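This report goes through one protein model, from its sheet to its helices and its cores. Please look over the sequence and the structure before reading on.

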Amino acid sequence: MSVRHASALRRNVAAAVGSFLAGGVLLHVGVYSDTGIDLSWWQRLIPLALVCSAMALRTVAPMVGLAVGTVGFMLDLYFGISVASVFIHTDNIYSATVRGPRTTPRVLLIAYALVALTVAGLLSWAGDVNAAVAASAILAVVLVSPVVTGMVVNDHRERAALERDRAAKIAELAEVDRRAALAEERNRMARELHDTIANHFSAIAIQSSAVLSRSGMEPDAVREVVSSIRSNSLAGLADMRQTIEVLRTNDTAEDLVQHRIADLGDLVDRMRAAGLTVSLTTIGDIRPAPVAVEFAAYRIVQEALTNALKHGRNARVKIIHSDEHLTLTVTNLLGDQPTGVPGSGTGLDSMRERATILGGTFAAGPEQPDRWRVHTELPTDRLQGGTA
């Protein structure tokens with residue numbers, strides 16, 4: 001037996017002993033109805049002892065207690081109703097209703113209602129209408145009301161349990177949403193850091209490798225390369241500083257610099273300075289596009305050119321403007337030898353994610369054995385609310 005059940009049993013036994021002593025005093029002074037049966041007051045303690053024994057079992061074995069208490073109550077009815085036994089038996093019924101099996105309240109309610117109606121019917125058939133009314137009222141109070149009270153308590157407990165479960169589920173869902181939002185924010189920041197910094201650092205690494213691999217370079221050529229390296233370093237530090245500032249102030253990624261299609265010219269110039277041959281072609285009338293679309297387009301082209309700088313040569317960027325889509329195609333010849341610049345392996349996933357988030361399409365892969373192609377279409381007509 002657990003400590004909790006043992007403590008409850010001790011309290012119940014103490015309550016049963018106290019009730020028995022109080023009921024014994026009432027019986028000794030004659031507080032009971034006289035049915036004509038000649039019994040001493042101590043013999044009337046037998047029904048009282050039975051209902052009090054049931055009280056001791058009300059938490060550990062409520063149905064056994066109800067059975068024992070019912071026997072005592074029936075004996076008390078036969079000997080002469082005592083106030084103590086009747087009062088204690090209502091506790092027997094209430095305990096069985098509250099702590100018994102789920103079907104107990106309904107069974108007891110039907111059974112006690114039938115008992116009350118049967119007794120009232122028999123007394124009415126015998127011609128004693130007043131006794132029938134009185135008996136049915138007494139039985140309703142003694143037998144039916146404890147069941148109804150227990151059913152109300154059970155209903156409140158079930159409602160409270162459902163509310164606790166609901167609150168727990170809401171809290172669990174809120175925690176899941178919080179973790180998902182946190183993961184999404186981390187992924188978004190990681191994507192911005194990768195796309196922002198990788199381009200600058202890849203150019204620095206390739207230019208540095210070129211200087212180190214070639215001996216006897218003209219001072220002017222070395223100065224030009226070093227100047228480009230310095231320019232990429234400063235630009236990379238500025239972007240990183242800005243991203244870190246966003247993280248420090250707990251702002252969202254939307255507060256980062258929102259590059260536009262018009263900024264691709266500067267990006268192409270920077271890639272040319274890093275040693276990549278790049279051509280930029282624009283088809284169609286240039287028209288304003290939503291900020292999110294232009295920003296995603298810039299990042300996709302930036303990542304594609306970064307990959308071309310690391311793994312290929314002779315890149316071509318083609319931009320097609322239309323009423324419904326902004327189409328980007330970046331192709332490049334595959335390099336004969338690897339540059340040795342490591343990659344994070346997330347570039348393609350980042351580009352695909354940017355396109356799919358906006359409802360666009362993305363494809364990347366070899367177009368020919370020696371040519372790599374990145375192609376994406378971003379919708380512009382469904383996002384005009386974001387046009388700046």
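Which residue in β3 does Ile319 stand opposite? Ile319 stands opposite Leu328.

## Basis of the model

This is a predicted model: local features need pLDDT of at least 70, side-chain atom pairs count only at pLDDT 80 or more, and totals for chains, interfaces and linings use all residues. Residues are numbered from 1 along each chain as its sequence is written, and side-chain values use heavy atoms, with hydrogens and water left out.

## Overall make-up

The protein chain holds ten helices and five strands. Helices (H or I, at least four residues) and strands (E, at least two) are DSSP runs, numbered from the N terminus. Of the 388 residues in the protein chain, 37% are buried. Buried means under 20% relative accessible area, exposed means over 50%, and partly exposed lies in between (1.4 Å probe, protein chains only).

A contact means heavy atoms within 4.5 Å. Among contacts in the protein chain with a separation of 6 or more, 71% are between residues 24 or more positions apart.

## The sheet

The five strands form an open sheet with mixed pairing, in the order β1-β2-β3-β5-β4. Two strands pair if DSSP finds at least two bridges between them. β1 (278–283) and β4 (361–368) are the edge strands, each pairing on one side only. From one strand to the next, the twist averages 15°.

Nine bridges join β2 and β3 in the antiparallel sense. β4 and β5 also run antiparallel, with seven bridges, and they form a hairpin with two residues between them. In this pair, Pro366 has Trp372 in β5 as its bridge partner.

## Helices across the sheet

Axes are lines fitted to C-alpha atoms, for helices over the stretch in contact, and angles run from 0 to 180 degrees between N-to-C directions. α9 lies across β1, β2, β3 and β5 and runs at about 165° to β2. α10 lies across β4 and β5, at about 140° to β4.

Val293 lies in helix α9. Is Val293 buried or exposed? Val293 has a relative accessible area of 0% and is therefore buried. The C-alpha atom of Val293 is separated by 8.7 Å from that of Arg260, and the two residues are 33 residues apart along the chain.

## Helix pairs

Two packed helices are described by the angle between their axes and the distance between the axes. α8 and α9 pack at an angle of about 10°, with their axes 11 Å apart. α8 and α9 are therefore roughly parallel to each other; angles under 35 degrees count as roughly parallel, over 145 as roughly antiparallel, 65 to 115 as roughly perpendicular and the rest as oblique. On the α8 side the contact is made by Leu264, Leu267, Arg270 and Met271, and on the α9 side by Tyr298, Val301, Gln302, Leu305, Thr306 and Leu309.

The axes of α2 (residues 45–56) and α4 (residues 83–99) come within 9 Å and cross at roughly 25°. These helices, α2 and α4, are therefore roughly parallel to each other as well. The residues of α2 that meet α4 include Pro47, Leu48 and Val51, and those they meet in α4 include Ala84, Ser85 and Ile88.

## Nonpolar cores

A nonpolar core is a set of buried Ala, Val, Leu, Ile, Met, Phe, Trp, Tyr and Cys residues joined through side-chain atoms within 4.5 Å. The largest has 32 residues, and Leu276, Val278, Val301 and Leu305 have the most contacts inside it. The elements giving two or more residues to this core are α6 (129–213), α8 (264–273), α9 (291–311), β2 (312–321), β3, α10 (347–357) and β5 (371–379). The largest share, ten residues, comes from α9. A second, separate core has 13 residues, among them Ile93, Ala96, Tyr112 and Val144.

Asn332 is in strand β3 (residues 325–334) and is buried, with a relative accessible area of 5%. Leaving aside its neighbours within four places in sequence, Asn332 is in contact with residues including Asn314, Asp370 and Trp372.

Asn314 is in strand β2. With a relative accessible area of 33%, Asn314 is partly exposed. Most residues other than glycine have a negative phi. Phi of Asn314 is near 50°, a positive value in a residue other than glycine.
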